[in-house]
Amino acid sequence: MMFLLTSVIQTAAAQTKYFSKSGKISFYSKAPLEDIEAHNFRAVTVFDATSGQIEFSVLMKGFEFEKAKMQEHFNENYVESNKYPKAVFMGNIQNINDLTLEKDGVYTVQVSGSLTLHGVTKPQHAQAVFTVKNGAISAVSDLTILVADYHIKIPALVADKIGKWVKIVIHVPSYGPLGSKSNG
Amino acid sequence: MHNFNGMKKIVTISVCMTWLLPVMSQESMLKGIEDSLPERQKVTAAFKSTRVINAHSMEMLAKGNLDFRILHRFGRINSGVKQWFGLDDATMRMAFEYGMTDRVMVGVGRSTYRKEIDVFSKTSILQQSTGLKSSPFSLLLALGAMWWTGQAFDTIKPKSSDRTSYYVQLIAGRKFSEFFSFQLSPILVHRNRVYNLNEENTVFALGAGARYKLSKRLAITVDYHHSLNELPSINTDPLSVGVDIETGGHVFQLHFSNAVGMNERAYITETTESFFNGDIRFGFNLSRIFTLHKKKQ
């Protein structure tokens with residue numbers, strides 16, 4: 001029994017990369033005339049617990065809006081999803097040594113990297129919270145970006161409907177060891 | 001990975017490559033984790049509106065969307081300054097169209113000309129898409145009926161069934177690129193009764209519609225129907241050329257056309273003027289979409 005337990009822990013320790021294909025990425029725009037939110041439940045993400053490298057990739061067309069026309073305009077007129085199908089974040093968890101995946105707990109980490117969206121890459125920094133509970137790893141984070149930074153133009157006509165700043169909320173319900181198929 | 005296919009493949013691949021290069025140079029860990037074959041994605045927004053100009057386009061209303069449409073057709077521009085180049089004359093159609101599901105929409109409209117009521121349904125049979133189970137084009141079926149309620153011009157009012165007509169139309173279209181979409185739309189219009197001995201009760205016509213996007217919110221459209229079994233001396237082919245302007249919640253379709261009618265019976269079987277002889281009219285369609293049923297999140 002003791003031997004079995006040790007071997008499980010050892011496998012976990014040897015495993016350094018964790019991934020998920022069901023990260024949730026939401027964004028929120030607040031403007032005087034309209035609040036907009038959209039959700040994408042299929043963000044692909046991976047992080048390396050040894051090096052701290054962390055990445056996210058999301059298909060722009062996978063963002064779901066409550067109004068169909070908003071979704072169409074988002075893809076057609078703003079982020080130009082045919083030209084730029086994905087948004088990608090590549091970064092590093094700076095204090096990766098503070099994150100002890102073998103031990104249950106709530107860990108606050110600092111993530112720095114670059115977000116590529118609409119063909120434009122800009123540095124971003126965010127605080128993220130990793131939670132380890134009974135060995136299951138989840139993570140949440142948020143950041144706010146300036147729409148104009150990504151060369152997304154908001155015509156004057158709709159300026160009261162679309163916020164200049166957009167808040168992005170990231171929630172990865174479950175990171176699994178890379179190579180495992182159990183985490184869809 | 002990308003939304004074009006077929007003809008545009010080479011362009012697409014090169015666009016993808018240039019986009020991917022900076023990412024790959026950083027040795028992404030995501031490589032191999034992301035699906036190589038992306039899920040099926042609908043090719044959307046081939047046209048800005050559910051009509052090219054007069055004809056049904058390959059676009060559908062989304063479920064729960066109500067489209068309130070106001071259409072105007074003015075008099076002939078060549079009627080001169082006394083008629084203010086046709087703007088003194090106007091006929092209109094008002095319509096409510098609704099997306100029952102993402103694949104079925106229905107509509108009801110009324111035109112001032114002949115006080116004619118029209119109802120229709122449009123069903124998406126095949127949706128152009130990429131990825132798994134992709135389809136290179138969209139196929140739709142439109143069915144409609146029209147019933148005029150106005151007094152006949154110089155005769156006693158015909159009975160109800162004689163004032164009724166029907167149509168069935170197939171729409172096959174493809175968004176070839178971000179900018180260019182094209183569709184063919186054969187149509188059969190049946191009138192229960194015609195008032196000219198030389199006219200056919202059933203008219204076949206082949207429609208063609210195209211859209212070319214000039215910018216994100218501006219596009220040029222062309223809408224044409226060629227009658228296959230009616231004499232050109234009785235009816236001419238309706239041709240309309242216009243621009244679509246999208247302003248967020250509204251789409252304005254401004255155009256020049258030789259057709260007066262705003263339903264299928266009227267523009268297919270009752271266009272008598274010639275576009276190239278200068279019998280052109282200004283007209284517009286205004287479309288305002290209301291989201292009555294929001295998508296659950």
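Two residues are in contact when their C-beta atoms, placed from the backbone, lie within 7 Å.

Residues are numbered from 1 along each chain as its sequence is written, while chains are lettered from A and ligands numbered from 1 in the order in which they are written. This is a predicted model, in which local features need pLDDT of at least 70 and side-chain atom pairs count only at pLDDT 80 or more, whereas totals for chains, interfaces and linings use all residues.

**Confidence**

The model scores ipTM 0.79 and pTM 0.83. The pLDDT (the predictor's confidence in each residue, from 0 to 100) averages 88 in chain B, and 88% of the residues score at least 70. Residues 13-25 of chain B have a pLDDT below 50, and this stretch makes four contacts in the model beyond near neighbours in sequence. Where pLDDT is low, the predicted coordinates should not be read in detail.

**Chain B and its barrel**

Chain B holds two helices and 14 strands; helices (H or I, at least four residues) and strands (E, at least two) are DSSP runs, numbered from the N terminus. In chain B, 12 strands close into a barrel with antiparallel pairing, in the order β2-β3-β4-β5-β7-β8-β9-β10-β11-β12-β13-β14. The twist averages 20° from one strand to the next, with axes taken as lines fitted to C-alpha atoms (for helices over the stretch in contact) and angles running from 0 to 180 degrees between N-to-C directions. Of the 297 residues in chain B, 36% are buried; that means 20 or more other C-beta atoms within 10 Å of the residue's own, against 12 or fewer for exposed and in between for partly exposed, with C-beta atoms placed from the backbone.

Ala210(B) counts as partly exposed because it has 18 C-beta neighbours inside 10 Å. Leaving aside residues up to four places away in sequence, Ala210(B) touches Ser181(B), Phe182(B), Thr221(B) and Val222(B). Val222(B) in turn stands opposite Val241(B) in β12(B). Strands β11 (residues 218-227) and β12 (residues 239-246) of chain B run antiparallel and are joined by seven bridges.

Two strands pair if DSSP finds at least two bridges between them.

| Strand pair | Bridges | A facing pair |
|---|---|---|
| β6(A) (residues 105-117) and β7(A) (residues 120-133) | 13 bridges | Val109(A) and Ala128(A) |
| β7(A) and β8(A) (residues 136-146) | six bridges | Phe130(A) and Ala139(A) |
| β8(A) and β9(A) (residues 165-177) | nine bridges | Leu146(A) and Trp165(A) |

The hairpin of β6(A) and β7(A) has two residues between the strands, and His118(A) there takes a positive phi near 55°. β7(A) and β8(A) also form a hairpin with two residues between them, where Asn134(A) in the turn has a positive phi of about 50°. Lys133(A) stands opposite Ala136(A) in β8(A).

**Where the chains meet**

The contact between the chains takes 25 residues from chain B and 25 residues from chain A. The side of chain B that touches chain A has eight nonpolar, 11 polar and six charged residues. Here Ala, Val, Leu, Ile, Met, Phe, Trp, Tyr, Cys and Pro count as nonpolar, Asp, Glu, Lys and Arg as charged, and the others, Gly among them, as polar.
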